Amino acid sequence: MRLQGSPSWVVVDNIEGLSSAVSIDTQGSAEAIQRLGALTRVQTRARWWVELLVIAWLCWIYDAITNLAPLRLHAAIDHGQGILSLERTLHLDPELTLDRWLASHHTLGLIVADYYDNAHFVVTLGLLGWLWWRRADIYRPLRNSLVLVNVLAFIVFWRFPVAPPRMLVSQGFSDVVANTHAFGSWHTGALASQANQLAAMPSLHIAWAVWCTLVVWQLSRRLWVRAVAVLYPFLTAFAVLATGNHYLLDIVGGLVVIAVARGLVWLAMHRRELPAIGVRNTPAGAAAPPRPS
(Lines give C-alpha, C1' and ligand atoms only; values in the text may rest on other atoms or scores of the structure.)
Protein backbone atom coordinates (compact mmCIF):
# COMPACT_ATOMS: atom_id res chain seq x y z
CA MET A 1 0.00 0.00 0.00
CA ARG A 2 1.38 3.47 -0.96
CA LEU A 3 1.14 6.26 1.58
CA GLN A 4 -0.20 9.56 0.39
CA GLY A 5 2.61 11.99 -0.42
CA SER A 6 5.32 9.31 -0.23
CA PRO A 7 7.61 8.75 -3.18
CA SER A 8 7.40 5.37 -4.92
CA TRP A 9 10.98 4.36 -4.02
CA VAL A 10 10.09 4.51 -0.31
CA VAL A 11 7.29 1.98 -0.84
CA VAL A 12 9.58 -0.40 -2.75
CA ASP A 13 12.24 -0.30 -0.01
CA ASN A 14 9.67 -1.02 2.69
CA ILE A 15 8.29 -4.00 0.78
CA GLU A 16 11.78 -5.48 0.30
CA GLY A 17 12.60 -5.07 3.99
CA LEU A 18 9.30 -6.65 4.99
CA SER A 19 9.87 -9.67 2.73
CA SER A 20 13.30 -10.33 4.21
CA ALA A 21 12.01 -9.93 7.76
CA VAL A 22 9.25 -12.53 7.41
CA SER A 23 11.20 -15.15 5.44
CA ILE A 24 10.51 -18.70 6.63
CA ASP A 25 13.42 -20.76 7.95
CA THR A 26 12.59 -24.05 6.27
CA GLN A 27 15.87 -25.60 7.37
CA GLY A 28 15.13 -25.05 11.04
CA SER A 29 11.56 -26.31 10.57
CA ALA A 30 12.79 -29.53 8.93
CA GLU A 31 15.23 -30.14 11.77
CA ALA A 32 12.52 -29.56 14.38
CA ILE A 33 10.13 -31.94 12.60
CA GLN A 34 12.88 -34.56 12.36
CA ARG A 35 13.68 -34.32 16.07
CA LEU A 36 10.00 -34.44 17.00
CA GLY A 37 9.43 -37.48 14.79
CA ALA A 38 12.42 -39.32 16.26
CA LEU A 39 11.26 -38.53 19.79
CA THR A 40 7.75 -39.74 19.04
CA ARG A 41 9.09 -43.02 17.61
CA VAL A 42 11.06 -44.04 20.68
CA GLN A 43 9.06 -42.75 23.64
CA THR A 44 6.57 -45.63 23.61
CA ARG A 45 7.66 -48.44 25.93
CA ALA A 46 8.29 -51.74 24.19
CA ARG A 47 5.79 -54.51 24.89
CA TRP A 48 7.02 -56.71 27.73
CA TRP A 49 5.99 -59.96 26.06
CA VAL A 50 7.98 -59.08 22.95
CA GLU A 51 11.08 -58.52 25.09
CA LEU A 52 10.55 -61.86 26.81
CA LEU A 53 10.23 -63.57 23.43
CA VAL A 54 13.55 -62.06 22.33
CA ILE A 55 15.23 -63.35 25.50
CA ALA A 56 13.67 -66.79 25.04
CA TRP A 57 14.87 -66.87 21.43
CA LEU A 58 18.44 -66.04 22.47
CA CYS A 59 18.32 -68.71 25.20
CA TRP A 60 17.09 -71.26 22.66
CA ILE A 61 19.98 -70.52 20.30
CA TYR A 62 22.48 -70.65 23.17
CA ASP A 63 21.08 -73.99 24.34
CA ALA A 64 21.24 -75.43 20.81
CA ILE A 65 24.94 -74.51 20.57
CA THR A 66 25.57 -75.89 24.08
CA ASN A 67 24.17 -79.26 23.01
CA LEU A 68 26.95 -79.51 20.39
CA ALA A 69 29.71 -79.15 23.01
CA PRO A 70 30.37 -82.89 23.66
CA LEU A 71 30.98 -83.44 19.94
CA ARG A 72 33.49 -80.60 19.65
CA LEU A 73 35.52 -80.86 22.85
CA HIS A 74 38.78 -81.91 21.16
CA ALA A 75 38.51 -79.16 18.53
CA ALA A 76 37.78 -76.59 21.25
CA ILE A 77 40.83 -77.64 23.29
CA ASP A 78 43.01 -77.45 20.17
CA HIS A 79 41.70 -73.94 19.48
CA GLY A 80 42.41 -72.93 23.06
CA GLN A 81 45.96 -74.28 22.80
CA GLY A 82 46.39 -72.35 19.57
CA ILE A 83 45.24 -69.06 21.09
CA LEU A 84 47.51 -69.53 24.09
CA SER A 85 50.45 -70.34 21.81
CA LEU A 86 49.82 -67.21 19.75
CA GLU A 87 49.68 -65.07 22.87
CA ARG A 88 52.98 -66.50 24.10
CA THR A 89 54.55 -65.75 20.75
CA LEU A 90 53.34 -62.15 21.10
CA HIS A 91 54.38 -62.07 24.80
CA LEU A 92 50.77 -61.23 25.73
CA ASP A 93 49.84 -64.12 28.03
CA PRO A 94 49.08 -62.91 31.59
CA GLU A 95 46.41 -65.59 32.18
CA LEU A 96 48.56 -68.26 33.87
CA THR A 97 50.33 -65.79 36.16
CA LEU A 98 47.07 -64.22 37.29
CA ASP A 99 45.37 -67.59 37.70
CA ARG A 100 48.13 -69.00 39.90
CA TRP A 101 48.24 -65.82 42.00
CA LEU A 102 44.49 -65.77 42.61
CA ALA A 103 44.38 -69.50 43.32
CA SER A 104 46.83 -68.95 46.18
CA HIS A 105 44.49 -66.42 47.87
CA HIS A 106 41.35 -68.37 48.74
CA THR A 107 39.24 -65.57 50.22
CA LEU A 108 40.04 -63.13 47.45
CA GLY A 109 39.53 -65.91 44.93
CA LEU A 110 36.04 -66.54 46.33
CA ILE A 111 35.15 -62.84 46.08
CA VAL A 112 36.39 -62.60 42.49
CA ALA A 113 34.65 -65.87 41.56
CA ASP A 114 31.34 -64.63 43.02
CA TYR A 115 31.78 -61.41 41.06
CA TYR A 116 32.50 -63.37 37.88
CA ASP A 117 29.45 -65.60 38.27
CA ASN A 118 26.86 -63.01 39.29
CA ALA A 119 27.74 -59.44 38.27
CA HIS A 120 27.61 -60.45 34.62
CA PHE A 121 23.85 -61.11 34.84
CA VAL A 122 22.77 -58.85 37.70
CA VAL A 123 24.31 -55.64 36.36
CA THR A 124 23.43 -56.21 32.70
CA LEU A 125 19.84 -57.38 33.18
CA GLY A 126 19.29 -54.78 35.89
CA LEU A 127 20.30 -51.96 33.56
CA LEU A 128 18.27 -53.45 30.72
CA GLY A 129 15.17 -53.58 32.93
CA TRP A 130 15.73 -50.02 34.14
CA LEU A 131 16.02 -48.77 30.57
CA TRP A 132 12.80 -50.54 29.60
CA TRP A 133 10.90 -49.18 32.60
CA ARG A 134 12.24 -45.62 32.86
CA ARG A 135 14.09 -44.66 29.67
CA ALA A 136 12.03 -45.76 26.69
CA ASP A 137 13.56 -42.90 24.69
CA ILE A 138 16.95 -44.65 24.52
CA TYR A 139 15.93 -48.26 25.19
CA ARG A 140 15.52 -49.67 21.70
CA PRO A 141 18.93 -48.87 20.16
CA LEU A 142 20.70 -50.05 23.30
CA ARG A 143 18.57 -53.21 23.46
CA ASN A 144 19.26 -53.89 19.80
CA SER A 145 23.00 -53.50 20.40
CA LEU A 146 22.91 -56.04 23.22
CA VAL A 147 20.88 -58.53 21.17
CA LEU A 148 23.24 -58.17 18.23
CA VAL A 149 26.27 -58.66 20.51
CA ASN A 150 24.86 -62.03 21.54
CA VAL A 151 23.96 -63.07 17.99
CA LEU A 152 27.47 -62.28 16.73
CA ALA A 153 29.03 -64.13 19.65
CA PHE A 154 26.78 -67.16 19.11
CA ILE A 155 27.94 -67.37 15.50
CA VAL A 156 31.56 -67.54 16.69
CA PHE A 157 30.66 -70.09 19.39
CA TRP A 158 29.08 -72.26 16.70
CA ARG A 159 31.80 -71.94 14.07
CA PHE A 160 34.88 -71.71 16.32
CA PRO A 161 34.45 -73.36 19.75
CA VAL A 162 37.24 -72.48 22.19
CA ALA A 163 37.96 -74.16 25.51
CA PRO A 164 38.80 -71.68 28.31
CA PRO A 165 42.22 -71.73 30.00
CA ARG A 166 40.83 -73.54 33.07
CA MET A 167 40.31 -76.62 30.87
CA LEU A 168 43.99 -76.68 29.85
CA VAL A 169 45.10 -78.51 32.98
CA SER A 170 48.34 -79.61 31.31
CA GLN A 171 49.35 -75.95 31.06
CA GLY A 172 49.06 -75.46 34.83
CA PHE A 173 45.71 -73.65 34.99
CA SER A 174 43.20 -74.20 37.77
CA ASP A 175 39.47 -73.52 37.92
CA VAL A 176 39.24 -70.88 40.65
CA VAL A 177 35.44 -70.68 40.43
CA ALA A 178 34.99 -74.41 40.98
CA ASN A 179 37.73 -74.69 43.62
CA THR A 180 36.29 -71.88 45.76
CA HIS A 181 32.70 -73.19 45.44
CA ALA A 182 31.48 -69.77 44.36
CA PHE A 183 27.82 -68.89 44.71
CA GLY A 184 25.86 -69.67 41.54
CA SER A 185 28.80 -71.43 39.89
CA TRP A 186 28.17 -72.59 36.32
CA HIS A 187 31.19 -74.91 36.44
CA THR A 188 29.88 -77.53 38.87
CA GLY A 189 26.55 -79.05 39.85
CA ALA A 190 23.29 -78.85 37.94
CA LEU A 191 24.08 -75.49 36.35
CA ALA A 192 27.17 -76.87 34.63
CA SER A 193 25.06 -78.81 32.13
CA GLN A 194 23.20 -75.62 31.16
CA ALA A 195 26.31 -73.57 30.35
CA ASN A 196 28.38 -73.67 27.19
CA GLN A 197 31.83 -74.54 28.52
CA LEU A 198 33.40 -74.06 25.08
CA ALA A 199 32.48 -70.39 24.56
CA ALA A 200 35.64 -68.55 25.51
CA MET A 201 35.96 -66.58 22.26
CA PRO A 202 34.71 -63.86 22.25
CA SER A 203 34.24 -62.87 25.89
CA LEU A 204 30.61 -61.96 26.43
CA HIS A 205 31.56 -60.88 29.94
CA ILE A 206 33.62 -58.07 28.43
CA ALA A 207 31.12 -57.23 25.69
CA TRP A 208 28.27 -56.98 28.21
CA ALA A 209 30.43 -54.96 30.63
CA VAL A 210 31.28 -52.40 27.94
CA TRP A 211 27.60 -52.25 27.01
CA CYS A 212 26.80 -51.45 30.65
CA THR A 213 29.39 -48.67 30.59
CA LEU A 214 27.76 -47.14 27.51
CA VAL A 215 24.35 -47.31 29.18
CA VAL A 216 25.46 -45.66 32.42
CA TRP A 217 27.30 -43.00 30.43
CA GLN A 218 23.97 -42.02 28.85
CA LEU A 219 21.98 -42.29 32.08
CA SER A 220 24.16 -40.10 34.29
CA ARG A 221 26.38 -37.04 33.94
CA ARG A 222 27.89 -37.40 37.42
CA LEU A 223 31.63 -37.80 37.22
CA TRP A 224 31.95 -40.46 39.92
CA VAL A 225 29.16 -42.55 38.38
CA ARG A 226 30.82 -42.47 34.99
CA ALA A 227 34.18 -43.29 36.60
CA VAL A 228 32.68 -46.42 38.21
CA ALA A 229 31.10 -47.34 34.88
CA VAL A 230 34.47 -47.11 33.11
CA LEU A 231 36.14 -49.13 35.87
CA TYR A 232 33.60 -51.94 35.55
CA PRO A 233 34.99 -53.52 32.33
CA PHE A 234 38.54 -53.41 33.76
CA LEU A 235 37.44 -55.26 36.90
CA THR A 236 35.62 -57.75 34.71
CA ALA A 237 38.71 -58.25 32.56
CA PHE A 238 40.77 -59.03 35.66
CA ALA A 239 38.12 -61.47 36.91
CA VAL A 240 37.81 -63.44 33.67
CA LEU A 241 41.59 -63.72 33.27
CA ALA A 242 42.46 -64.52 36.88
CA THR A 243 39.74 -67.17 37.26
CA GLY A 244 41.02 -68.98 34.15
CA ASN A 245 37.89 -68.41 32.10
CA HIS A 246 39.23 -66.31 29.24
CA TYR A 247 42.35 -65.54 27.26
CA LEU A 248 43.53 -62.01 26.63
CA LEU A 249 42.54 -62.37 22.98
CA ASP A 250 39.02 -63.29 24.12
CA ILE A 251 38.80 -59.82 25.65
CA VAL A 252 39.89 -58.31 22.36
CA GLY A 253 37.20 -60.39 20.66
CA GLY A 254 34.58 -59.08 23.07
CA LEU A 255 35.59 -55.49 22.31
CA VAL A 256 35.36 -56.18 18.58
CA VAL A 257 31.88 -57.70 18.94
CA ILE A 258 30.45 -54.75 20.89
CA ALA A 259 32.05 -52.29 18.46
CA VAL A 260 30.57 -54.08 15.43
CA ALA A 261 27.14 -54.36 17.06
CA ARG A 262 27.06 -50.66 17.98
CA GLY A 263 28.24 -49.70 14.50
CA LEU A 264 25.54 -51.75 12.77
CA VAL A 265 22.80 -50.32 14.99
CA TRP A 266 24.09 -46.79 14.34
CA LEU A 267 24.04 -47.37 10.58
CA ALA A 268 20.52 -48.79 10.72
CA MET A 269 19.28 -45.75 12.65
CA HIS A 270 20.89 -43.23 10.32
CA ARG A 271 19.68 -44.96 7.17
CA ARG A 272 16.11 -44.17 8.26
CA GLU A 273 17.03 -40.51 8.66
CA LEU A 274 18.47 -40.05 5.14
CA PRO A 275 15.21 -38.70 3.60
CA ALA A 276 14.92 -36.11 6.39
CA ILE A 277 18.56 -35.12 5.91
CA GLY A 278 17.85 -34.53 2.21
CA VAL A 279 15.03 -32.10 3.09
CA ARG A 280 17.14 -30.31 5.70
CA ASN A 281 19.97 -29.60 3.27
CA THR A 282 17.67 -28.08 0.63
CA PRO A 283 18.22 -24.26 0.52
CA ALA A 284 15.25 -22.05 1.31
CA GLY A 285 13.33 -21.17 -1.82
CA ALA A 286 15.05 -23.84 -3.92
CA ALA A 287 13.22 -26.73 -5.48
CA ALA A 288 13.64 -30.10 -3.75
CA PRO A 289 15.78 -32.61 -5.67
CA PRO A 290 13.77 -35.13 -7.69
CA ARG A 291 13.23 -38.51 -6.12
CA PRO A 292 14.80 -41.47 -7.91
CA SER A 293 12.27 -43.45 -9.89
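User: What is the relative accessible area of Tyr115?

Analyst: This is a predicted model, in which local features need pLDDT of at least 70 and side-chain atom pairs count only at pLDDT 80 or more, while totals for chains, interfaces and linings use all residues. Residues are numbered from 1 along each chain as its sequence is written, and side-chain values use heavy atoms, with hydrogens and water left out. Buried means under 20% relative accessible area, exposed over 50% and partly exposed in between (1.4 Å probe, protein chains only). Tyr115 counts as partly exposed, because its relative accessible area is 25%.

User: Is Phe154 buried or exposed?

Analyst: The value to judge by is the relative accessibility of Phe154, which is 6%. Phe154 therefore counts as buried.

User: Which kind of pair do the rings of Tyr115 and Tyr232 form?

Analyst: Rings of Phe, Tyr and Trp (its six-membered ring) pair if their centres lie within 6.5 Å, with planes under 30 degrees apart counted as stacked, over 60 as edge-to-face and the rest as tilted. The centres of Tyr115 and Tyr232 are 6.3 Å apart and their planes stand at 75°, so the pair is edge-to-face.

User: Which helix holds Tyr232, the partner of Tyr115?

Analyst: Helices (H or I, at least four residues) are DSSP runs, numbered from the N terminus. The pair links distant parts of the chain, 117 residues apart, with Tyr115 in helix H6 and Tyr232 in helix H10.

Key. Helix = DSSP H or I, 4+ residues; strand = E, 2+ residues; numbered from the N terminus.
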